[in-house]
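Have a look at the protein below before reading on.

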Amino acid sequence: MSGVNGGNQDVDIDLGRVISAVWERKGRILGATIVAAALALVGTTLMKPSYKGETRLLIESRSPNLSGGDAAAQANDPLLDSLNITSQAQLLQSSDLIKRVARDLNLARLKEFDPAAQSFLPDPLVLIGLKQDPMSLDPEDRVIQEFREKLDVYAVENSRVIAIEFSSRDPKLAADIPNRMAEVYLQLQSGAKLDTHSETAKWLEPEIANLTSKVKEAEKKVADYRSSNGLFQTTETNSFSTQQLNDISTELARIRGERANAEARAENVRTALKAGRASDTLSDVVGSQVIQRLKEAEANLQAQISDSSTSLLEGHPRLKGLRGQLSGIRQQIESETKKILASLQNEAEMSRIRERQLMGQLNGLKADSAKAGEEEVGLRALEREAAAQRQLLETYLARYREATSRLEGNSSPADARVVSKAVEPSEPYFPKIIPIVIVVSLATFIFGCLIVIVSELFSGRALRPSSVREADDEIVPAAGASAPAAAAAPLPVHQMQAEAARFDRPEPARESAKNAAALAYAKIAEQSLAEKESEAEEAVAEVDDSGFTIGSVAHYLQRHDVPVAIAISPGGDEGSTATVLLAREIAESGRTVVLVDMTGSAAPTQMMVENPKLPGITDLLCGETAFGDAIHPDRLSDAHIIPHGASDPARAMRGVDRLSMVIDALADAYDLVLIECGPAEIAGISRLTRNAMAEIVLSVPGFKDEEVAELVTDFEAAGYSNLLVMAQTADRHSPRPGKRRAA
């Protein structure tokens with residue numbers, strides 16, 4: 001391998017050689033594969049088989065509904081979410097549950113669960129101190145440790161089902177243990193519910209007794225307050241004064257109606273008498289029995305007068321007597337009508353008197369009712385207190401009855417049920433003989449092939465120089481070339497090796513031809529390498545003659561992919577201007593560059609952005625602006641700038657430790673991070689040069705050679721040996737020099 005890549009030239013992998021090497025060693029690989037398969041078959045056959053049983057539990061609320069209707073979920077019902085299911089799975093793996101199962105099934109007597117107690121040979125790891133002696137633990141702890149290794153409890157995805165898997169060498173135990181674990185889990189859950197109900201009943205008993213006395217005391221206060229203030233209740237909602245007020249109001253309304261009716265009837269009779277209308281048109285007059293009898297007498301006299309007038313003359317005494325009687329009856333009718341009118345007036349007057357009396361009573365009751373309303377405020381407060389105590393007592397009584405009714409074992413089932421019991425497995429789950437043999441065989445075959453491939457690569461036989469392939473393309477004769485010219489062209493090395501591999505015993509002539517072709521190819525390679533070295537030396541000489549220009553520094557930074565460059569400008573703003581030109585030069589070449597203005601005068605900021613108050617590096621170090629808001633584009637090129645900023649520089653320097661993180665983040669986003677520090681001192685740039693990839697650029701336009709040499713000497717004395725000097729700014733298109741060391 002060293003012979004092929006001794007000149008630090010690129011190499012390629014010869015796939016044909018790799019495949020042929022594997023094919024040459026196919027016997028060994030297949031033999032190792034067969035041996036590994038046989039060993040795997042024997043090993044898996046001799047292994048003791050392990051069986052696995054699985055029991056599944058469904059977590060659900062199983063609180064009995066004793067009310068007979070669709071009752072709402074109770075407060076102590078479990079919340080059936082993913083956290084609850086996971087918690088129940090962890091509970092199934094608790095030590096208490098495992099201890100109980102181990103005791104019930106007497107697992108400590110089995111060698112499978114306590115191999116340390118049943119083993120007669122000491123464990124070598126225990127003897128050398130690399131493993132704790134299991135016999136120092138309690139027998140139960142050893143059983144639990146072995147039990148956990150065979151147990152697997154998990155929640156089935158997207159369901160409320162928990163699976164309990166257990167592996168054992170005994171198929172009966174593989175089924176009995178998960179079933180017993182499910183039974184013990186259900187018993188523990190049911191027992192926890194019974195304990196909860198029992199504790200609830202014990203707590204409620206004294207509380208109910210205390211509340212009973214409080215309710216009696218509150219109700220006694222209500223009764224005493226009601227009797228002392230005369231606030232008697234006629235109904236649940238009305239008091240005695242309110243009922244009395246309602247009755248008087250109703251009676252007053254009735255009396256007013258009667259008065260209005262009597263006045264209307266009297267006015268009707270009075271109007272009829274004044275108008276001289278017949279009294280028999282009035283209902284009150286017609287309804288009088290006296291008027292009715294007088295009317296009957298008047299009608300009889302009218303009939304007698306009519307009968308007598310037919311046989312007697314007008315002046316006959318009988319007719320005169322009858323007419324006199326008729327006139328008297330009519331006067332009686334009129335007098336009786338006036339009596340009826342007086343009776344109606346008296347009735348109306350009586351109604352007025354009754355109305356005045358009722359109004360007086362009503363006003364008195366209103367005053368009493370207002371006073372009773374003020375006193376009922378305190379009564380209602382006492383009633384609310386008594387009602388609250390009574391409601392709480394009723395609630396406690398209901399819960400106490402419910403808790404005591406569920407103290408029986410079957411009344412509080414666990415919030416889970418077995419949906420699938422484990423059955424005794426008939427086939428072992430481990431070892432799977434055929435899959436293990438197949439996997440071991442494939443692994444051995446692949447591993448053998450990898451060993452052959454790696455050995456070929458490290459020996460160098462499967463590698464060839466990439467330049468050989470390029471030379472092959474150049475040496476192969478073009479189409480139409482003469483046969484002698486093609487025959488004279490030397491063969492590449494790898495082709496000669498392939499030709500030589502075809503024969504077991506090459507002839508002397510063929511061997512000499514192969515050596516001659518190899519020598520010819522070596523000469524061609526040496527000539528090509530010498531030409532490249534001469535071109536590089538000419539480029540370096542051309543660089544050295546071009547001077548310390550912006551273009552040369554930009555060319556160096558691009559050619560070496562420098563991620564971070566720190567520009568020092570001892571001359572002040574003139575040097576900062578040259579740094580801005582350097583950033584623009586690099587941006588014009590198509591690379592991304594950002595300039596960080598760390599100067600005191602903010603000269604780069606004034607040159608590259610229109611508003612010098614934009615947020616910049618000082619704001620970023622003070623934490624007053626976001627990272628993206630501090631980056632701005634150059635107004636004359638594709639370069640970016642982080643301006644000086646508007647925050648206090650002294651305050652910003654307190655957060656200078658963040659500067660290295662800022663520079664690292666910028667270096668990940670840009671091809672070049674150019675930091676302009678102005679006329680900074682050598683000691684002041686130590687924090688910026690923590691990154692080993694950072695280059696230092698001395699921007700010294702207009703400086704004399706002696707001054708530049710003195711600056712370079714000072715930097716070398718401080719430990720900065722390799723420097724980039726940028727002293728000329730006129731010729732931007734001069735040849736690009738490399739890194740120059742000033743001494």
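Let's start with a term: a salt bridge is a side-chain nitrogen of Lys or Arg within 4 Å of a carboxyl oxygen of Asp or Glu. Side chains of opposite charge can pair when their charged atoms come close. Some ground rules come next: this is a predicted model, where local features need pLDDT of at least 70 and side-chain atom pairs count only at pLDDT 80 or more, while totals for chains, interfaces and linings use all residues. Residues are numbered from 1 along each chain as its sequence is written, and side-chain values use heavy atoms, with hydrogens and water left out.

**Salt bridges**

The structure holds 26 salt bridges. Here are some of them.

| Pair | Closest N to O |
|---|---|
| arginine 352 and glutamate 263 | 2.4 Å |
| arginine 352 and glutamate 349 | 2.8 Å |

Helices here are DSSP runs (H or I, at least four residues), as are strands (E, at least two), and both are numbered from the N terminus. The other partner of arginine 352 is glutamate 349; these two sit three residues apart in helix 12, so about one helical turn separates them. Salt bridges with shared partners join Arg256, Arg259, Glu263, Glu349, Arg352 and Glu355 into one network.

How open are these residues? Buried means under 20% relative accessible area, exposed means over 50%, and partly exposed is in between (1.4 Å probe, protein chains only). Arginine 352 is partly exposed at 28%, and so are glutamate 263 at 26% and glutamate 349 at 36%.

**Surface patches**

Patches are built from residues with over 30% relative accessible area and no salt bridge; like charges are joined within 9 Å, and nonpolar side chains (Val, Leu, Ile, Met, Phe, Trp, Tyr) within 5 Å. The areas come from the Shrake-Rupley method with a 1.4 Å probe, and for residues only the protein chains shown count as cover.

Which residues make the nonpolar patch of about 820 Å²? They are Leu30, Leu41, Ile433, Ile434, Ile438, Leu442, Phe445, Ile446 and Leu450. The elements giving two or more residues to this patch are helix 2 (26–46) and helix 13 (433–459), and helix 13 gives the most, with seven. Isoleucine 433 of helix 13 is partly exposed, with a relative accessible area of 33%.

Now for the backbone. The peptide bond from phenylalanine 430 to proline 431 is cis, with omega near 0°. You'll find proline 431 in the loop between strand 5 (416–420) and helix 13.

Two other loop residues have a positive phi without being glycine. For asparagine 158, phi is near 60°; this residue lies in the loop between strand 3 (151–155) and strand 4 (161–168), and at 77% relative accessibility it is exposed. For aspartate 561, phi is about 50°. Aspartate 561 lies in the loop between helix 18 (550–559) and strand 7 (564–568), and with 47% relative accessibility it counts as partly exposed.
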